[in-house]
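Open the model in a viewer and keep the sequence panel beside it. The stops below say what to select next and what is there.

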Amino acid sequence: MKKLLFLLATLLCGFATTYAQTENEMDFNPDMFQGQFGGNHRRPDGMRRRQGMRGRGDRPMRNGMRRRIPVQIDSVRVAPFMKMEMPIDDQMVRYRAAVNWNADGSSLALVVYLHGRSGSGDDNLSQMGHEAIYSIYDYLKAKHFNAVLVVPQCPEEFSWTGVTGRDDEVIAKAFNPYVKALIDSCITAMGIDRSRIYLLGASMGAQGVWKMLEDYTDMFAAAFCASGSGRGLSIENLEKTPVYLTRGSEERDRRGEGISELVAKINENGGEAKFELLEGMNHPQATREAFTEERLQWVFSHVRGTEK
């Protein structure tokens, strides 16, 4: 099994290096990557050239509330993240995946990041405009942490939880069940260490993290929520997964109010929750700056089934 994992990781990392060097020069043959993740995971047909600004600045937000700010995609930074897709039931789940592997004999962890609303779509690229992704990836590399980092993209007509808007109205379909199915498939296909599965997210993605922790209580070793509401959830379920929360002191969204009280309740009930208010930061700043080395160290130090 170790030899198989090593071969898989070597192939994936080898592709990342090649892509980084030649991204703007050629298209790639998708057949090169068929079957490397096992199951129905596959590369979509055609690797189109990507460059410059990406986003939907000319498309109004749902309910006409606002327009999207174009997302800046750094082609060099995104290069290690392979473009993958997997059909699940009636839905095509699109995601990016990067492998950090060191041949030290340790098992392979799974790290999943849920993006905010600006990353939604079906291009399998817009979600990569979140700086947090690269902070996580850089940490894994610096710490020689064997892991697969998976970044699924939530389609425009979905939200992670099915709940959006300031009043928590239901105006979208929930994409979390597809994320759960994707995680299950990754566990089987890549021999993931089930005691080291981590879930992180920001803004809308943090709301998705909260809901995943409530619905799948025995899955994650630890989680990180940056600037996302955890209202209306079961404390009994949340207490089963260690969670780190952050929020900017200048954020205007009232859905994040009461986080400190939620953390207190989780800890009172025997759980492990940590909250930090990021002074002087608004929502964009807080979601960008939250993923520091110290906070990520706290998350990845947890192993499910062991007491810290």
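**Tour of the packing**

Start by selecting helix 3 and helix 9: helix 3 passes helix 9 in a right-handed crossing. A crossing is right-handed if the near helix is turned clockwise from the far one by less than a right angle, and left-handed if anticlockwise. Helices (H or I, at least four residues) and strands (E, at least two) are DSSP runs, numbered from the N terminus.

This is a predicted model, in which local features need pLDDT of at least 70, side-chain atom pairs count only at pLDDT 80 or more, and totals for chains, interfaces and linings use all residues. Residues are numbered from 1 along each chain as its sequence is written, and side-chain values use heavy atoms, with hydrogens and water left out.

Axes are lines fitted to C-alpha atoms, for helices over the stretch in contact, and angles run from 0 to 180 degrees between N-to-C directions. Angles of 65 to 115 degrees count as roughly perpendicular, under 35 as roughly parallel, over 145 as roughly antiparallel and the rest as oblique.

Now show side chains. S135, I136, Y139 and L140 in helix 3 meet E293, L296, Q297 and F300 in helix 9, where contact means heavy atoms within 4.5 Å. The residues of this contact divide into five nonpolar, two polar and one charged. Ala, Val, Leu, Ile, Met, Phe, Trp, Tyr, Cys and Pro count as nonpolar, Asp, Glu, Lys and Arg as charged, and the others, Gly among them, as polar.

Select helix 4 (residues 176-190) and helix 5 (residues 204-215), whose axes come within 10 Å and cross at roughly 70°. Helix 4 and helix 5 are therefore roughly perpendicular to each other. Helix 4 also passes helix 5 in a right-handed crossing. N176, V179, K180 and I183 of helix 4 make the contact with G208, K211 and M212 of helix 5.

Next, select the eight strands of the open sheet, ordered 3-4-6-5-9-10-11-12 with mixed pairing. Two strands pair if DSSP finds at least two bridges between them. At the edges are strand 3 (82-88) and strand 12 (273-278), each pairing on one side only. From one strand to the next, the twist averages 20°. Strand 3 pairs with strand 4 (residues 91-100) in the antiparallel sense over seven bridges. On this pair, pick K83, which stands opposite R96 in strand 4.
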